[in-house]
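Q: I have a structure open and would like to go through it piece by piece. Can you walk me through it?

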Amino acid sequence: MDLLTVIILGIVEGITEFLPVSSTGHLILATRLLGWDAERWALFNIVIQLGAILAIVVLYWRTVWTVISGVLTWEAGAVRFARNIIVAFIPAAVIGLILHKKIEALLGNAEIVAIALMVGGAAIIAIERTVKPGEIRGVADIPLKTVVMIGFIQCLAMVPGVSRSGATILGALMLGVERRTAAEFSFFLAIPTMLGATVLELFKNRHELASGTGVGMLDIAIGFVVSFVVAVVVVRWFVNLIGRRGFTPFGWYRIVVGGIALAALTFS
């Protein structure tokens, strides 16, 4: 059963991490509705996000390499790219550390996730219908003021079910960033954000990992690989889809899934 659970949660993480549907929310709902011990799987759910993050590094390795080598030689475009990612990450890092315990308390509330999914879905549909196409193209070309605002908007995702990628993408769209750039900015911003969250959780739970209680390292490794493989496929599909259909389908998906989940939680 543990192996099946590991694979299911890895697939859920890989599919949902970069879509504006909330990976954390889906993992919480899957754990709750399938009757698994949420506390036992909490660390696992966070660590396997690194598998999805690795998918971005692999898919965009040329960009990652260009930025790293460009920063070392102080190339202007690469420096602006790195600056924008770092600056947008800072609000989540600071607020996340301050409100860490309160955020952890929310992670056990599946009802909040269901409601946040529906509210977020309605917001996606409304924004897609009202916001004009943005003109800012390229992560390095996003103005610093816009980057700071996107960084604070990302913090809304500390409420489970809101979606980190959804918050950053929609925030960028409202601030004049075009769709593909908004999505790619969200992808790259996920690297320091999720890496920081994972390192913090590993440090906090180091004794549990060392003692072998909870979910084992082999299970975490399998979940990591599954989430990585699935995320590689999903990210390629997602970038192509938003160019043709936008984000509205994800808004309707969130409303339907959130409604079904809330009904199931209410009458279970």
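Q: Let's start with F188. Buried or exposed?
A: F188 has a relative accessible area of 6%, so it is buried. Buried means under 20% relative accessible area, exposed over 50% and partly exposed in between, using a 1.4 Å probe and protein chains only.

Q: What kind of model is this?
A: This is a predicted model, in which local features need pLDDT of at least 70, side-chain atom pairs count only at pLDDT 80 or more, and totals for chains, interfaces and linings use all residues. Residues are numbered from 1 along each chain as its sequence is written, and side-chain values use heavy atoms, with hydrogens and water left out.

Q: How many aromatic pairs are there?
A: Searching the whole structure gives nine aromatic pairs. Rings of Phe, Tyr and Trp (its six-membered ring) pair if their centres lie within 6.5 Å; planes under 30 degrees apart count as stacked, over 60 as edge-to-face and the rest as tilted.

Q: What about Y60 and F188, how do the rings sit?
A: They are edge-to-face, because the planes are at 70°, with the ring centres 5.3 Å apart.

Q: Where in the chain are those two?
A: Y60 is in the loop between α4 (49-59) and α5, while F188 is in helix α11 (residues 179-204), and they are 128 residues apart. Helices here are DSSP runs (H or I, at least four residues), numbered from the N terminus. Y60 has 13% relative accessibility, so Y60 counts as buried too.

Q: And F238 with F247?
A: That pair is tilted, with 6.1 Å centre to centre and 55° between the planes. F238 is at 0% relative accessibility and therefore buried; F247, at 1%, is buried as well.

Q: Which aromatic residues form one cluster?
A: F18, Y60, F81, F187, F188, W237, F238, F247 and F250.

Q: New topic: how do α5 and α6 cross?
A: The axes of α5 (residues 61-72) and α6 (residues 76-98) come within 8 Å and cross at roughly 110°. Axes are lines fitted to C-alpha atoms over the stretch in contact, and angles run from 0 to 180 degrees between N-to-C directions. The two helices are therefore roughly perpendicular, a label for angles of 65 to 115 degrees.

Q: Which residues meet there?
A: T63, T66, V67, G70 and V71 in α5 meet A78, V79, F81 and A82 in α6, where contact means heavy atoms within 4.5 Å.

Q: Last one: what does S186 touch?
A: Leaving out residues up to four places away in sequence, S186 touches R164, S165, T168 and I169. S186 lies in helix α11.

Key
Angles under 35 degrees count as roughly parallel, over 145 as roughly antiparallel, 65 to 115 as roughly perpendicular and the rest as oblique.
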